[in-house]
Structures are given as structure tokens and as C-alpha cells.
Amino acid sequence: MRAALSFDSAPPFAAPLRFFLTAPLFGVLAGLLLAFDGGDALASRWSPAALALTHLLTAGFMLQAMIGASIQVLPVVAGASLSRPLLVARVVHPLLSGGALLLAGGLRWGSGFALESGALLLGVGIAVFLGAAVVVFRVRSTSPTIRGLKLAYVALGVAALLGILLAFALARGWPFELVALTDLHAGWGLGGWAGVLLAAVAYVVVPMFQLTPGYPARPAWAFPLAVLGALVVWGTSATFGPPWLVRLAQVFLAASGIAFAGLTLKLQAQRRRARADATYRYWQFGLAASVLALAMVASATLFPALARHAAWAPLVGVLLIIGGFVSFIAGMLCKIVPFLAWLHLQQLARTRVPSMNQFLRDDETRRPWLAHVLAVVLLAGAALLPVLALPAGLAFALACGWLGWNLLQVVRRYRRCVATVEQGRADDGTPREPDDGAA
Ligand code: HEM
């Protein structure tokens, strides 16, 4: 199964780029916060630092990268062009950035005002994005990617509504069953939004960038429906009972994630390119970490005594959010940003342009990847040994900073090529071939 792509309708580079460049900054902040807080930050899922870190990564790093990717892929893979994508990006980007900062600050320092205003800013940013992305619902679901995108946007709306409810409940002391509501919010955010969106994008980019066979049609169509179905069963049985159905839905959800990861690993094993590149390395690591995290989720659901260990949930969070999602996103950014630079330059110059690899060489991505792996190992260790929090935070800040620096280099090289082409036009009216040595 391969997707039909229409690159002529791609939005301006500046629309997704601001999100892609901001995402790593949230990672740097998360690392510095952990290093600064140190000690028991990761010793419990409910510590103020752990909740703040979670949202610097989910509502910061992940949401930025995934909304940027959505603005890019909607017209290309679904034929659903946002009207005025640059305007949407200009409005949504500051709302999400300010909202995630305030929400994380409110959670870390216990400020009800910051919590509520952060939640509202994020809510408005997400609503504006979803209002623009509603065009995808007018397109028929002719591919599992289109269906996946639609379901992921529904899940984002639900996760955001539950998140806003939680923020107000915390700030105002509303009498809610907070643990059950938080679990459900995390399930819709990580499983429904991030997991389904990742799969929908993976159906296109894994075969394209990692030269694997396409995803087989049946599991590709089924995965988004299975995840959303399990979340609906979870939410309904959490409200009306019976409790065993909640646990069954959670195990089913974790098993679906493991099946998707297993299928992707199998496809990667059949890829046509022998040499590992950045995306492949990040994805292999991310898939292994996610399988481990999801196996821990399933085991704790079946044997609740396991989850009573305070370090259990933080360990799952580190493995799933940083080991899994941050790795997948970092791997994709290392390919998507150079690809977009190449694509836009090609469309501008209409002549031979430097290859994608010249915008970001593979050797430039190897050490940031190693720093990322080291950071995840240290972060997992910090859940058990608080003394590791300082080196873990610094290592993670370094890995994210390095990723961001690499992306900035791509933009710098792209701008240099654009300047050469424009100079050629100004001199003699014909576009000049950009220098092959973009790097
Ligand atoms: C409008 C956006 C959001 C708001 C207002 C929000 C708010 C919150 C709040 C207040 C909590 C803490 C609940 C408590 O202490 O009882 C929480 C927990 C959580 N949120 Fe969000 N959230 C948002 C978006 C997201 C997104 C997009 C994701 C995932 C992609 C996410 C993942 C999580 C997770 C995993 C937890 C549990 C943390 C833990 O157990 O340590 N949130 N959220």
C-alpha cells in the first residue's frame, strides 16, 4: 500500500517550519527544568516537576512538531488544502507556545492563574488549528492515512477538553476523580492523538524515507479504528462501569500499539537500503522503547501491584514519551526538514538543486542521536536513582539543542541557495543553479 502524493499543493515552507524549529526548544527547556529541579522530580508521576516536564514534552515538543507536520501533510497526502496555511500557522504557533509554557509553569509552581490561562491558550490554539483542519473531513477516506488523520484530530479535541477540565479542576479544587480522569486524558492524548497521528504519517513516510515495503492495507486501516474504539470503551466503562472493561480496553490499547511497532520493525527489516541513516536509527530505538513501555502498561493493568511502585509510571512516561515519541519525531525532523528545503528550492529554482543529504549530512546526525540515546538511558535511571536527574536533564537538553542546531543549519543552507537563485534572476533573468556544496 503506497500513498499518492501531490507536492504541488504543499504550503509555504515558513508555515510548518516555525513549529519544527520550536519543538526542540521545548526539549531543551524540559531537560534544563529536570537538571534544575533534580532530586525527586521523576520519583513520582504526580510531582510538580514531572507534570510540568510531561507538558513541556507533550503540549510543547510533540504538539508543535505534530501540528507543523499536519499543516504540511494535509494538502500533500489528503488533498485537503488549508485556506491560508501561513495565517493559520502565525495564529496557532504563538498560542501553542505561550499556552504550553504557562501550563507547564502552572503545574510546576502551583499557580492556578498560569494553569488556567495556559490551558485556555492551548485550547484556543488547538481549536483554531482544528477549525482550519476541518477541511480533511470533507475529503473521502480513500486511504488509511486520511482516516488516521481524521481520527487523530477528533482525539486531539477530546484530549484537550479533558486537559482543560483537569486544569480548572486542579486550580479551583473541583471534586473530580482526578486519577481516573488524568489516565483517560493521557490515553486520548498519547494513544488517540499522538499514536494515531504517528501511524497515519508513518504509512507515508516510512516507505518513502526508509525505503521499506508499504504497510499492508488491513492492519493499516484497522489500527486507528482499534485505538479510538478502545478509548471510547475505556471512557464509557470508566463512567458507567464495569471496571474490568476499563482494564480490558487499556490492555487492548497497549497491545494495538505493540502490534503497530512490531509491524514497523518487520517492514524496516525488509528495507531496500542497507545503510542505517538518522531516521532509521531514531525509529529503531523509538520502536524498542515504545514496545517496552507498552508492555509495562499492559503488565501493570493485569497486575496492579506493579504500578504501586512510585517509579513505575515515571519509567513508562520516560520510555513512551521521550524514548518513543520524541525519538520518532526527531528522526522524522532529520528527514522532513531537509526534504522540504529541497522541495521548495526545486520549485523555486526549476533547475538542478543540491540533494537532500547536502542540506543535512548523515554524519551530522549521528552524535545528536547518541546523545539522545544516552539521555533516555539516564532519564530512565533517574526514575530509580534521583542522583541521575542532573546528568539526565543536561544530556536531554544537549540532545534536543543539537537537533535544533542541525535543523537551523538546514534553514541556513536553504536560505543561501535561495539567495543564489534570486541573485541569478536579478543578474540575467535566468535562475542560477544553487551551489552543489550547500553544506
Ligand atoms: C489543552 C491541552 C492540555 C491541558 C490543559 C492539559 C492538562 C493536564 C493536567 C492539568 C494534567 C494533570 C492532572 C493532575 O495532576 O491530576 C495533565 C496530565 C497529563 N497530560 Fe495533559 N494537558 C493538555 C494536553 C496534553 C496532551 C496533548 C498530551 C499528550 C499528547 C497530554 C498528556 C498528559 C499526560 C500523559 C498526563 C499525565 C501525567 C502524569 O501522569 O504524570 N496532555 N494534563
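Okay, quick definition before we start: I'll call a residue near a molecule if its C-beta atom, placed from the backbone, lies within 6 Å of that molecule. By that rule, 29 residues surround the ligand, and the closest are Arg 45, Thr 58, Gly 163, Ala 186 and Gly 189.

Keep in mind this is a predicted model, with local features needing pLDDT of at least 70, side-chain atom pairs counting only at pLDDT 80 or more, and totals for chains, interfaces and linings using all residues. Numbering runs from 1 along each chain as its sequence is written.

So who lines the ligand? Helices α2, α4 (112–133), α5 (144–172) and α6 (178–210) each supply at least two residues of the shell. Helices here are DSSP runs of H or I, at least four residues, numbered from the N terminus. By class, the shell has 20 nonpolar, eight polar and one charged residues; Ala, Val, Leu, Ile, Met, Phe, Trp, Tyr, Cys and Pro count as nonpolar, Asp, Glu, Lys and Arg as charged, and the others, Gly among them, as polar.

Let's stay with α2. Helix α2 (residues 48–78) packs on α3 (residues 85–109) at about 170°, axes 8 Å apart. Those axes are lines fitted to C-alpha atoms over the stretch in contact, with angles from 0 to 180 degrees between N-to-C directions. That makes the pair roughly antiparallel, the word for angles over 145 degrees. Among the α2 residues making the contact are Leu 56 and Ala 59, and α3 brings Ala 100 and Ala 104, among others. Contact means C-beta atoms, placed from the backbone, within 7 Å.

Leu 56 also touches Phe 26, Leu 29 and Phe 61, among others.

How values were computed:
Angles under 35 degrees count as roughly parallel, over 145 as roughly antiparallel, 65 to 115 as roughly perpendicular and the rest as oblique. Two residues are in contact if their C-beta atoms, placed from the backbone, lie within 7 Å. Lists of a residue's contacts leave out its neighbours within four places in sequence.
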